[in-house]
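Welcome, and take a moment to look over the chain before reading on.

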Amino acid sequence: MKIVTEIVNLESKLEITESDFTEIVDRLERNFHSRQNGFIDTELLHTDGTNSWIMIQHWNSLEDMKKSSSNMFKDTGTEEFRNSINPKNIQIKVYEQK
């Protein structure tokens with residue numbers, strides 16, 4: 001099995017504090033991602049004083065990751081997170097373990 005790493009560069013909306021965004025992402029991970037098939041773990045990175053964030057997630061397969069990503073935009077439980085980010089500034093890169 002090859003683990004898939006998803007790296008998401010994103011920006012929180014300017015009116016959302018760092019601590020609020022961290023809590024929003026924590027709820028997203030507990031209530032959505034951790035319940036998805038193939039999810040392994042996640043990490044949230046941030047540069048102080050900015051609204052720029054990096055989410056790193058590991059998945060058991062590319063198919064699991066894609067299904068989760070698709071579900072995230074349909075699930076009402078992810079709405080808080082989706083409303084807290086700037087959708088125009090999302091960059092996603094995916095890498096397979098070698």
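**A walk through the model**

The largest pocket has a volume of about 240 Å³. Here a pocket is an open set of points on a 1 Å grid over the protein atoms alone, where a 1.4 Å probe fits and protein lies on both sides within 12 Å along at least five of seven lines. The points are joined across faces, edges and corners, and the volume is the space filled by probe spheres set on them. Keep in mind that this is a predicted model, in which local features need pLDDT of at least 70 and side-chain atom pairs count only at pLDDT 80 or more, while totals for chains, interfaces and linings use all residues. Residues are numbered from 1 along each chain as its sequence is written, and side-chain values use heavy atoms, with hydrogens and water left out.

What surrounds this pocket? Its lining is made of 16 residues, and Glu 6, Val 8, Ser 69, Met 72 and Ile 92 are the ones nearest the centre; a lining residue has an atom within 4 Å of a point. At least two lining residues come from each of β1 (4-11), β3 (52-59) and α2 (62-72). These names follow DSSP runs, numbered from the N terminus: helices are H or I with at least four residues, strands are E with at least two. Helix α2 gives the most to the lining, with four residues. By type, the lining holds 11 nonpolar residues, four polar and one charged. In this count Ala, Val, Leu, Ile, Met, Phe, Trp, Tyr, Cys and Pro are nonpolar, Asp, Glu, Lys and Arg are charged, and the others, Gly among them, are polar.

Let us stay with α2. Its buried residues include Met 65, Ser 68 and Met 72, where buried means under 20% relative accessible area, exposed over 50%, and partly exposed in between (1.4 Å probe, protein chains only). Seen down the axis of α2, the buried residues fall within an arc of 65°, so they line one face of the helix. The arc is that of the directions from the helix axis to the C-beta atoms. An α-helix has 3.6 residues a turn, so residues three or four places apart point the same way. Glu 63, Lys 66 and Lys 67 are exposed on the other side of α2. The cover over the buried residues of α2 includes β1, α1, β3, α3 and β4 (91-96).

Now turn to helix α1 (residues 18-31). Phe 21, Ile 24, Val 25, Leu 28 and Glu 29 are buried in α1. Viewed down the axis of α1, they fall within an arc of 135°, so they line one face of the helix. They pack against β1, β2 (39-46), β3, α2 and α3 (79-83).

Which single residues show this packing? Val 25, in helix α1, is buried with a relative accessible area of 4%. Beyond its neighbours within four places in sequence, Val 25 is in contact (heavy atoms within 4.5 Å) with Leu 44, Met 55 and Phe 81. Val 25 and Leu 44 are 19 residues apart in sequence, and their C-alpha atoms are 8.2 Å apart in space.

Leu 10 belongs to strand β1 and is buried, with a relative accessible area of 3%. Among the residues that Leu 10 touches are Phe 21, Trp 53, Met 55 and Phe 81. Its C-alpha atom is separated by 5.9 Å from that of Ser 52, 42 residues apart along the chain.

Finally, Lys 13 sits in the loop between β1 and α1 and is partly exposed, at 31% relative accessible area. Lys 13 touches Asn 83, Ser 84, Ile 85 and Asn 86, leaving out residues up to four places away in sequence.
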